[in-house]
Amino acid sequence: MPEESVFLRLTDLCDSHHLCVLAKKDQEASEDKKTAQKKKVKELKVLDSKTSQNLSIFLGSNRMPYEDMMNVILEVNESVLTENMVQSLLKLLPEQEQLNTLSEMKEEYEELAESEQFGVVISSVKRLKARLGAILFKLQFEEQVGNVKPELVAVTAACEELQQSKSFARLLEITLLLGNFLNAGSRNAKAFGFSISYLCKLRDTKSADQKQTLLHFLAETCQEQYPEIMTFPDELIHVEKASKVSAETLQKNLDQMGRQIKNLEADIETFPPPQSDRDNFVSTAREHFEKLQLMHQNMEKQYEDLGKYFVFNPKKMSPEEFFGDLNNFKNMFQQAVKENQKRKEAEEKIKRAKLAREKAEKEKEEKQKRMNAGQIPSINDDGDETGIMDGLLEALQSGAAFRRKRGPRQAANNRRGAGHAVTNILAKELLQEDAPPSGSKKTRLDTVDGTEASPEDTGSLEDLLDTAPFRSN
């Protein structure tokens, strides 16, 4: 019946809903149980919350089983260990007392938090921090050598360059001569030498017009009269690097390297000797360190000799200070040379502009004189054609163009005389054709204007046509 089917469907729906509710309750109970167990596991027993949190972050970023990390440290596996990893471990590891406590809690391993579980495993490594320090020293050794060695080379090379540079010695001589000349009559006159730091003070002495300094004068004098001195910056190429070397820091780095090698040698004495040359790091490090020590001793000896050469106390003036002053002077000298060049170019430009202005004024005066004399400039004249139209306009405005003197009309008279001669010859020839052939008296035909033609005027027609100018209508 329909009622029974509806009832069965309602019954099934209620049963399914009941089952869903039961399943949801079971899931919530399971999650609560896991949460409770998780909370129970994360309860710290030895470590504080901050140390535990930092260790957990480190372990989460590396994601390596604790036993594998312990073996990597024991084997000094450089393919896995990195400088950042070792530095982080040294910084985040618990104190040795806490590690000792955790090493006795192996039976409670499952109930400990992640950070404390890691402490239990890693505490089995003897002298863990000393071992990590030795590993870090090995990973950083080449970098330390690369930082120390160039500084030793730079200071040593700079000392040698200064003692061998003849151009720089000549520059010092000229500077001393210049200083004695300026200090003549004072207590500083006839000095035998000066401090290197005085070179940087040359820029403080200025000329009367405040446009040049004593350094500019020195650079200009050397460039014009002693050009061989201008090469001294190229002979002191290591001075800039030497000016950045701190002797104190250099000594500290070498002392620290020596202590680390000594501690490493003491630690390795308790272990069996290395089975291959690849593991013989200590002997290699000791060899490099001894070479660096010899280089450092040589550097100090070179700097002492430099102090004797320039007469200063190397114990009171550090290499950083000495080479710093020298490098500043070198840069200032080169800058003074550039400024002198710019100043000369500016002066030359002003001079050219002045000459051009004087030339233009002179030409203007000459043009004015010609226009006053009634002469108009022509574009065919030699010289500058600029201003011809301006001159013409000025001549028209002033009326000078209309006061131009005209010459005699000699050319027009010549042309008119030539025309008369041609007419006389034509008339004469016509009369001779009409006259009888007998030896009658020849009649002379007068010219049209009544003047008698001369024998020169009665030449051949061809000659006159050749000499007569061509006239157009």
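The protein has 17 helices and zero strands, where helices (H or I, at least four residues) and strands (E, at least two) are DSSP runs numbered from the N terminus. This is a predicted model, so local features need pLDDT of at least 70 and side-chain atom pairs count only at pLDDT 80 or more, while totals for chains, interfaces and linings use all residues. Residues are numbered from 1 along each chain as its sequence is written, and side-chain values use heavy atoms, with hydrogens and water left out.

Of the 473 residues, 29% count as buried, meaning under 20% relative accessible area, against over 50% for exposed and in between for partly exposed (1.4 Å probe, protein chains only). As for contacts (heavy atoms within 4.5 Å), take those between residues at least 6 apart in sequence: 74% of them join residues at least 24 apart.

Helix α6, residues 114–122, is mostly covered, with eight of its nine residues buried. These are Ser115, Glu116, Gln117, Phe118, Gly119, Val120, Val121 and Ile122. What do the buried residues of α6 pack against? The partners are α2 (49–62), α3 (66–75), α4 (83–92), α5 (96–103) and α7 (128–164). Val125 sits in the loop between α6 and α7 and is buried as well, at a relative accessible area of 5%. Leaving aside residues up to four places away in sequence, Val125 touches Met70, Leu74 and Arg131. Between Val125 and Asn71 there are 9.3 Å in space, C-alpha to C-alpha, although the two are 54 residues apart in sequence.

Helix α7 also packs with α14. Two packed helices are described by the angle between their axes and the distance between the axes. For α7 and α14 the angle is about 50 degrees and the axes are 12 Å apart; axes here are lines fitted to C-alpha atoms, for helices over the stretch in contact, and angles run from 0 to 180 degrees between N-to-C directions. That makes α7 oblique to α14, given that angles under 35 degrees count as roughly parallel, over 145 as roughly antiparallel, 65 to 115 as roughly perpendicular and the rest as oblique. The crossing of α7 and α14 is left-handed, that is, the near helix is turned anticlockwise from the far one by less than a right angle (clockwise would be right-handed). On the α7 side, Val155, Ala158, Cys159 and Leu162 meet Pro319, Phe322, Phe323 and Leu326 of α14.

Next come the aromatic rings. Rings of Phe, Tyr and Trp (its six-membered ring) pair if their centres lie within 6.5 Å; planes under 30 degrees apart count as stacked, over 60 as edge-to-face and the rest as tilted. By this rule there are 17 aromatic pairs. Tyr303 and Phe312 are edge-to-face because their planes stand at 65 degrees, with ring centres 5.8 Å apart, and both residues are buried. Tyr303 also pairs edge-to-face with Phe322, at 6.4 Å centre to centre and 75 degrees between the planes. This pair links distant parts of the chain: Tyr303 is in α13 (residues 281–310) and Phe322 in α14 (residues 319–372), 19 residues apart. Ring pairs tie a cluster together, its members including Phe168, Phe232, Tyr303, Phe312 and Phe322.

Finally, Thr213 lies in the loop between α8 (166–182) and α9 (214–225). Is Thr213 buried or exposed? With a relative accessible area of 10%, Thr213 is buried. The Thr213 side chain makes a polar contact with the side chain of His216 at 2.6 Å. A polar contact is a pair of N or O atoms within 3.5 Å; within protein, one must be able to donate a hydrogen and the other to accept it, and residues adjacent in sequence count only if both atoms are side-chain atoms. Not counting residues up to four places away in sequence, Thr213 touches Leu202, Arg203, Thr205 and Lys206.
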